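Q: I have a structure open and want to go through it piece by piece. Can you take my questions as they come?

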Amino acid sequence: MGRGPAMVRRPAALIPRFPRNAPDFIDIPSALGCATARYRTRVHQFRARNISLARNPGEPNCRLVRIHNMRRTITAWATLLLAVAFAAAPFVTEPFQGYDGNQLPVPQDSPPIQPAGWAFSIWGIIYLWLIVSAAFGLKSRGDDPEWEKVRGPLLIALAVGVPWLAVANESALLATVMIFLMAGGAIAALLRTPIFDRWTLRHPVGLFAGWLTAASFVSLGATAAGYGLVLGPTGWAWVCLPLALLVAAAVQSRPQVSPAYGIAVIWALTGIMVKNAPAGASPGIATLALLGILLIAALILRPLATRLLARREG
């Protein structure tokens, strides 16, 4: 069986030595009978924190093995510290219950664009997963160049997010600007995540970015309606919900994007649908949210359907 695309920059015999001065790559066929599969077995004998495995997108029969060094960078430390500070912010800030009448000329009492209250429980998962990801990155991917690409924009999102609750309790307009900055940083970080370390990097960042995508347009709709700009609360919901779906669909359509991104968007849309579904609410908004759920779900499932079809044809 062939060995797949050549990515080896060092002799195969040197792979188990794990040089610490730079990461290294090698393709290993998954067939257990070939010679290079023995090196795969040898790799697994070393500490798991020094390596990561992933399927090679260009060659389904091969695995990519990444060898990491253990130096820790300032950005790795900063990511962990800011992730902890971000998660601690709700404990040192007044609870945020939405923008009140002191912030907006036209008070917004539960606007249609805002999800049901239970939907915000996703923050607990986001906080914990970001901390676990940052701690793993510091310990095991200290100066990995692929992780470093992600840390830059992620640091921007976290740094803006730490004071966001305090700002949101004082200024809806400034909080809206800040949450769009957070969403932009998180999406940029997500699009830079490598194929390795899905559960420790790509998925937590994806969940964070997906929720912020929805939350940023929720904030925009509530703030615009609160300032009485042309449309009322329902009108701004009809504007902001399609915009959120457009951004979410564009991101989820990118190759190798984590399904956690779309799942977070679906969670927010479900909260909007449930809130607007009862009689006397906004059934049109609930229907639009349902259509958005189906769209994002289809985009999440499309790569899986493509792989299953390719296997069947093969």
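Q: What do the buried residues of α9 pack against?
A: In this predicted model, the buried residues of α9 pack against α3 (122-140), α6, α7, α8 and α10 (283-313). Helices here are DSSP runs of H or I with at least four residues, strands are runs of E with at least two, and both are numbered from the N terminus. Buried means under 20% relative accessible area, exposed means over 50%, and partly exposed is in between, with a 1.4 Å probe and protein chains only.

Q: Which residues of α9 are buried?
A: Ala260, Tyr261, Gly262, Ala264, Val265, Ile266, Ala268, Leu269, Gly271, Ile272 and Asn276.

Q: How many residues has α9, and what is its reach?
A: Helix α9 covers residues 259-276, which is 18 residues, and its first and last C-alpha atoms are 26 Å apart, close to the 26 Å expected at 1.5 Å a residue. The expected span is 1.5 Å times one less than the number of residues.

Q: And α3, what does its span come to?
A: Its 19 residues should span 27 Å at 1.5 Å a residue, and the end C-alpha atoms are 27 Å apart, which agrees.

Q: What does α3 pack against?
A: Its buried residues pack against α2 (74-92), α4, α7 and α9. Among the buried residues of α3 are Trp123, Tyr127, Leu130 and Leu138.

Q: Numbering and cut-offs, before I go on?
A: Residues are numbered from 1 along each chain as its sequence is written. As this is a predicted model, local features need pLDDT of at least 70 and side-chain atom pairs count only at pLDDT 80 or more, while totals for chains, interfaces and linings use all residues; side-chain values use heavy atoms, with hydrogens and water left out.

Q: OK, salt bridges. How many does the structure hold?
A: Three. A salt bridge here is a side-chain nitrogen of Lys or Arg within 4 Å of a carboxyl oxygen of Asp or Glu. Side chains of opposite charge can pair when their charged atoms come close.

Q: Which residue does aspartate 197 pair with?
A: Arginine 141, with the closest N and O atoms 3.0 Å apart. Aspartate 197 is in the loop between α6 and α7 and arginine 141 in the loop between α3 and α4, so the pair ties together parts that are 56 residues apart in sequence.

Q: Is aspartate 197 buried or exposed?
A: Aspartate 197 counts as buried because its relative accessibility is 11%. Arginine 141 also counts as buried, at 1%.

Q: Which side chain meets arginine 151 in a salt bridge?
A: Glutamate 148, at 2.5 Å, N to O. Arginine 151 and glutamate 148 are three residues apart in helix α4, so about one helical turn separates them. Arginine 151 is buried, with a relative accessible area of 4%, whereas glutamate 148 is partly exposed at 25%.

Q: And glutamate 146?
A: Its side chain meets that of lysine 149 in a salt bridge, 3.6 Å from N to O. Glutamate 146 and lysine 149 are three residues apart in α4, and about one helical turn separates them. Lysine 149 counts as partly exposed, at 43% relative accessibility.

Q: Where is proline 145?
A: In helix α4, residues 145-161. Proline 145 and proline 194 are 49 residues apart in sequence and 10.0 Å apart in space, C-alpha to C-alpha.

Q: Changing topic: how far can I trust the model?
A: The mean pLDDT of the protein chain is 81, and 76% of its residues reach 70 or more. pLDDT is the predictor's confidence in each residue, from 0 to 100. Confidence is lowest in helix α1 (residues 35-44), with a mean of 37, and highest in helix α6 (residues 172-191), at 97. Over residues 1-49 the pLDDT is below 50, and this stretch has 84 contacts in the model beyond near neighbours in sequence. A contact means heavy atoms within 4.5 Å.

Q: How many helices and strands has the protein chain?
A: The protein chain has 10 helices and three strands. Of its 314 residues, 48% count as buried.
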